[in-house]
Amino acid sequence: MLILIAGPYRSGTGDDPAKMAENLERLEEPSYALFKAGHVPMIGEWVALPVWHAAGGSRVGDDLYEEIFHPVAHRLLALCDAVLRLPGESKGADNDVRIARERGIPVYYRLEDVPGCAGTVAP
């Protein structure tokens, strides 16, 4: 399955780049376990960040940022087979879950609940 990993990226960071990088690392933590189980992990920021930079993005939260980041996740959800929602407050991740449920896409809240990942715990 193509699985969108959703969780906090910008939330709670005050737009501090170091904190946002830490959040991205947390989002990436389950990616190898998903891959080993035969899935393709996907994180919206893996797509949105290069698109934003290519478009000339420079300030988190500006109009260009808003134009790209949430729509990327929305478009990815049209392709994804499941969502893995990681803990933490995040309006964007909550919106991903809402969209997934509307589309009948399974949402998992624990890595070990994802098919093929039983007994797996992210580092």
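## How α3 and α4 cross

In this predicted model, helix α3 passes helix α4 in a right-handed crossing. Helix α3 covers residues 44–54 and α4 covers residues 63–77; the angle between them is about 145°, and their axes lie 9 Å apart.

Which residues make the contact? From α3 come Gly 44, Glu 45, Val 47, Ala 48, Leu 49, Val 51 and Trp 52, while α4 brings Leu 64, Tyr 65, Ile 68, Phe 69, Val 72 and Leu 76. Sorted by class, this contact has 11 nonpolar residues, 1 polar and 1 charged.

## Where α1 meets α3

Helix α3 also packs with helix α1 (residues 17–28), here at an angle of about 140° and with the axes 10 Å apart.

On the α1 side you will find Leu 24, Leu 27 and Glu 28, which meet Glu 45, Trp 46 and Leu 49 of α3. This contact divides into 4 nonpolar and 2 charged residues, with no polar ones.

## The largest nonpolar core

Now for the largest nonpolar core, which has 37 residues. Tyr 9, Leu 34, Phe 69 and Leu 84 are the members that touch the most others. Among the elements giving two or more residues to this core are the strands β1 (2–6), β3 (82–85) and β4 (107–108), as well as the helices α2 (31–36) and α5 (91–102). The most comes from α4, with 6 residues.

Terms used
Residues numbered from 1 in each chain as written. Predicted model: local features only at pLDDT ≥ 70, side-chain atom pairs only at ≥ 80, totals over all residues. Heavy atoms only, no water. Axes fitted to C-alpha atoms, helices over the stretch in contact; angles between N-to-C directions. Helix = DSSP H or I, 4+ residues; strand = E, 2+ residues; numbered from the N terminus. Left-handed = near helix turned anticlockwise from the far one by under 90°. Contact = heavy atoms within 4.5 Å. Nonpolar A, V, L, I, M, F, W, Y, C, P; charged D, E, K, R; others polar. Core = buried A, V, L, I, M, F, W, Y, C linked by side-chain atoms within 4.5 Å. Buried < 20%, exposed > 50% of the residue type's maximum accessible area, 1.4 Å probe, protein only.
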